[in-house]
Amino acid sequence: MSTKQVVSSLYRRSLKLALDWSVHRYLWRGQAMYIRSLFEANKNIKDPRQQRALFQEVEDLLEKWKHPDPYHAPTAPGGSKFERNLPAPILDPPPHITM
């Protein structure tokens, strides 16, 4: 993956992790701004070795702060409403056809 894709993935995962730990969206917004400032502070690093070291550091932090019960959208797999209103299965046998 390109550096831009890796950074985008790490940033997105960081925001989702912060949302898992936040109770309210207005509290999460401050954390999101802080995360953005951390990423902005390191955006001018061009040395591939330093970039890889930063990527690994962020990966380690994401693993360390991983939420034990992450948020899932209610209708997504694993959510509380997933497959809640499925149509009832057809239990009647097919009609007998006489010839």
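The legends below describe views of a predicted model of the protein.

**Figure 1. Overall fold of the predicted model.** The protein contains three helices and zero strands. Read from the N terminus, the order of elements is α-α-α. Along its principal axes, the C-alpha trace extends about 80 × 35 × 20 Å. The radius of gyration of the protein is 23 Å, whereas a compact globule of 99 residues would have a value near 13 Å. Of the contacts between residues at least 6 apart in sequence, 55% connect residues at least 24 apart.

**Figure 2. The annotated region, residues 7–63.** An unreviewed UniProt entry assigns the annotation "domain: Complex 1 LYR protein" to residues 7–63. Within this stretch the chain is 84% helix and 0% strand.

Figure 3. The accessible surface of the protein is about 8800 Å². Carbon and sulfur atoms account for 58% of that surface. Buried residues amount to 16% of the 99 residues. The side chains include 15 positive and 10 negative ones. The centres of these two sets are separated by 8 Å.

Figure 4. Helix H2 covers residues 25–41 and includes Leu 38. The relative accessible area of Leu 38 is 41%, so this residue is classed as partly exposed. That class lies between the cut-offs for buried, under 20%, and exposed, over 50%. Tyr 11 is also shown, and its C-alpha atom is 9.9 Å from that of Leu 38. In sequence, Leu 38 and Tyr 11 are 27 residues apart.

Figure 5. Gln 56 belongs to helix H3, which runs over residues 48–64. Gln 56 counts as partly exposed because its relative accessibility is 45%. Ser 22 is included in this view for its distance from Gln 56: the two C-alpha atoms are 24 Å apart. Along the chain, Gln 56 and Ser 22 are separated by 34 residues.

Notes. Residues are numbered from 1 along each chain as its sequence is written. This is a predicted model: local features need pLDDT of at least 70, side-chain atom pairs count only at pLDDT 80 or more; totals for chains, interfaces and linings use all residues. Side-chain values use heavy atoms; hydrogens and water are left out. UniProt positions are given in the numbering used here, feature names are shortened, and annotations may be inferred rather than shown by experiment. Helices (H or I, at least four residues) and strands (E, at least two) are DSSP runs, numbered from the N terminus. The radius of gyration is taken over C-alpha atoms; the globule rule is 2.2 Å times the number of residues to the power 0.38. Buried means under 20% relative accessible area, exposed over 50%, partly exposed in between (1.4 Å probe, protein chains only). Contact means heavy atoms within 4.5 Å. Accessible areas come from the Shrake-Rupley method with a 1.4 Å probe; for residues, only the protein chains shown count as cover. Lys and Arg count as positive and Asp and Glu as negative; His and the chain ends are not counted. The place of a charge is taken as NZ of Lys, CZ of Arg, CG of Asp or CD of Glu.
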